[in-house]
Amino acid sequence: MNSLKLILSNPRYFAPAFVFASLNILLGTWVIYIPQVKARLQLDDGDLGVALFFYALGVMIMLPIIPLLTKKLGVGKATFYGLILFIAAFTMPLLAETYTVLCGALLITGAFSGGTDVAMNSLVSDLEKKDGVSFMSAAHGFFSLGGVIGAGIGGLIMHFFSMPVYHMIFMSSIVLIINLFLCRQYVNISGEHESSIKESLSVVKMSPLFGLAFIAFVIMGSEGAIEHWSKLYMLEVLDISSDQLAGYGFVIFSVAMTTGRFFGDGISDRFGSHRIISYGILLAAAGFGLILMVSYIVVIVGFGLVGLGLSVVIPELFRIAGQNNSVSASLAISFVSGLGFVGFLLGPVVLGYISDHANLHTSFIVLLGLTILAAISSMIISRKDKLVM
């Protein structure tokens, strides 16, 4: 909680944290309209999965490029420019009149999302190193808070807008105005510490990151699946008739993840990164077990446990990657998040494919199995203790 106090008491840390929130405010707004987009374009689960694949593909396209941009522009400018482009792009998917246009719009939006994601994580890593503070987990907490605002509050006010795109423009305008005011706190931060790190790559230099990247692959795949499929799971598997009630699975997931991340930095300092990663994944696995029980209250609790369990994993993976001494923070975070977004890229497609040939309930059984595998992997890595902490 000290990291949250740090963010709220100092504009130098609040400004980049709000960038995290900004991304997920818009993503959360998009999530509540996915069922409408699916119905309007007459898509099945497989079609929707492929469309979401293009969003993740856009993310992947940017991952090799963003370390070069952060080196040229600095992490501050790369973060700000990426965010502005992301804000401008996210009206396009809701305007798409054909399936092809939807896929193209999600590709472009995903590219700006991926670029901003790596840049903002590199920015926080740079500030942690320069200032001797820890707020990576709390910054990710703001990302989760953005999901609560976008999906939670958005679900309450969506009926005031005659078209989904008007809702997105409204939220985008608020996010843009706030960021224009805050950006002066970080826009000129260049990340000079990376200039002394040689960027020549080898398996030996990158090997400490492989285990982290695999866990990120599974966990980000699970997060992306919940973000994009949780509402449809409630509608189709639990047969919930209310759009608002169906959206609360993702809202509870986001609230739990936000809470966990606000406490994550202190827990990490006390117990260590590997331990909380392992225990967090095990808690998430228990949550997936409850989601499979197909009872509304039990499923809601399950989404909460998954959010709480996964809350600390990705921030800790990025923190460890950013603090390595072999390659620059932006390159290390790009590598770990790149493998993570491969999971994010495959997750929606695989879940859509499984749902087409079975159902969404079966898809979530697969997520449970993958989460258990990630927990086993994290414990093996912790025992070997070969990663930089």
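**Salt bridges, pair by pair**

Reply: Let's start with Glu 236, which forms a salt bridge with Lys 38, their closest N and O atoms being 3.0 Å apart (a salt bridge here is a side-chain nitrogen of Lys or Arg within 4 Å of a carboxyl oxygen of Asp or Glu). Glu 236 sits in helix H12 (residues 210–236) and Lys 38 in helix H3 (residues 34–40), so this pair ties together parts that are 198 residues apart in sequence. Helices are DSSP runs of H or I, at least four residues, numbered from the N terminus. Lys 38 is buried at 12% relative accessible area, while Glu 236 is partly exposed at 39%; buried means under 20%, exposed over 50%, and partly exposed in between, with a 1.4 Å probe and protein chains only.

Keep in mind that this is a predicted model, where local features need pLDDT of at least 70, side-chain atom pairs count only at pLDDT 80 or more, and totals for chains, interfaces and linings use all residues. Residues are numbered from 1 along each chain as its sequence is written, and side-chain values use heavy atoms, with hydrogens and water left out.

The whole structure has four salt bridges. Another of them joins Arg 12 and Asp 131 at 2.7 Å, N to O. Arg 12 belongs to helix H2 (residues 11–32) and Asp 131 to helix H8 (residues 99–131), so the pair links parts 119 residues apart in sequence. Arg 12 is partly exposed at 27%, and Asp 131 is partly exposed at 28%.

Then there's Asp 126 with Lys 130, at 3.2 Å between the closest N and O atoms. Both lie in helix H8, four residues apart, about one turn of the helix. Asp 126 is buried at 0%, whereas Lys 130 is partly exposed at 40%.

Notes. Helix = DSSP H or I, 4+ residues; strand = E, 2+ residues; numbered from the N terminus.
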